[in-house]
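Please read them beside the coordinates.

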Amino acid sequence: CGEALRGEPAGAAARANRAVCLLFLGVARADRGEDPFADFDRARADLDLLLENRPGEASWRISRGNLCRHRAAMENRLGRDARVSALQAVEDYTFAVGVEASAATAHGNRATAWLELARAFELRGEDPTEALDHALEDLAESLRLHPGRSNTWGYRCHALTLIAERLHRRG
């Protein structure tokens with residue numbers, strides 16, 4: 001990863017690898033209580049440039065979706081508005097659902113973006129029901145395609161818990 005972060009990458013694969021390294025570097029910074037957004041911005045710039053030239057590259061759309069989902073999670077954690085980042089992740093994962101051979105993963109990824117969007121809505125006092133419904137739909141499809149994925153079951157449990165908590169608060 002260190003080599004990928006030095007200088008200007010030669011070629012698309014190197015740029016894509018650098019973007020992934022910057023995403024992980026940002027996540028590591030966030031875990032240490034440091035600001036990850038400069039790393040996220042640099043990764044986004046690399047991925048946007050790659051997608052400008054090859055907009056149909058599903059793996060790069062998934063990478064950008066992952067980046068935007070992590071950014072949304074961090075924005076939510078810090079009380080910032082995460083709706084734009086979460087919606088970008090949903091858009092990128094939606095593209096991947098249409099073309100990716102591993103649709104179970106793409107549906108699962110999109111569900112996590114929907115969950116971040118629901119969280120952003122809740123933090124702003126808005127109704128997250130539609131985003132939670134979309135998350136449950138994607139999780140159901142992911143589990144239909146690959147029922148043995150334990151992390152997908154975990155995300156489904158998380159979504160159902162959020163719904164139950166909302167119902168409990170309503171009385």
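1. Gln88 sits in helix 5, which covers residues 83–99; helices here are DSSP runs of H or I with at least four residues, strands are runs of E with at least two, and both are numbered from the N terminus. The model is predicted: local features need pLDDT of at least 70, side-chain atom pairs count only at pLDDT 80 or more, and totals for chains, interfaces and linings use all residues. Residues are numbered from 1 along each chain as its sequence is written, and side-chain values use heavy atoms, with hydrogens and water left out.

2. Gln88 counts as buried because its relative accessibility is 15% (buried means under 20% relative accessible area, with a 1.4 Å probe and protein chains only). Leaving aside residues up to four places away in sequence, Gln88 touches Arg44, Arg64 and Cys68 (contact means heavy atoms within 4.5 Å).

3. The chain has eight helices and zero strands. With a radius of gyration of 16 Å, close to the 16 Å that the globule rule gives for 171 residues, the chain is as compact as a globular protein of that length (the radius is taken over C-alpha atoms, and the rule is 2.2 Å times the number of residues to the power 0.38).

4. Along the principal axes, the C-alpha atoms fill a box of roughly 55 × 35 × 25 Å. Of the 171 residues in the chain, 43% are buried.

5. Of the contacts between residues at least 6 apart in sequence, 56% join residues at least 24 apart.

How values were computed. Buried means under 20% relative accessible area, exposed over 50%, partly exposed in between (1.4 Å probe, protein chains only).
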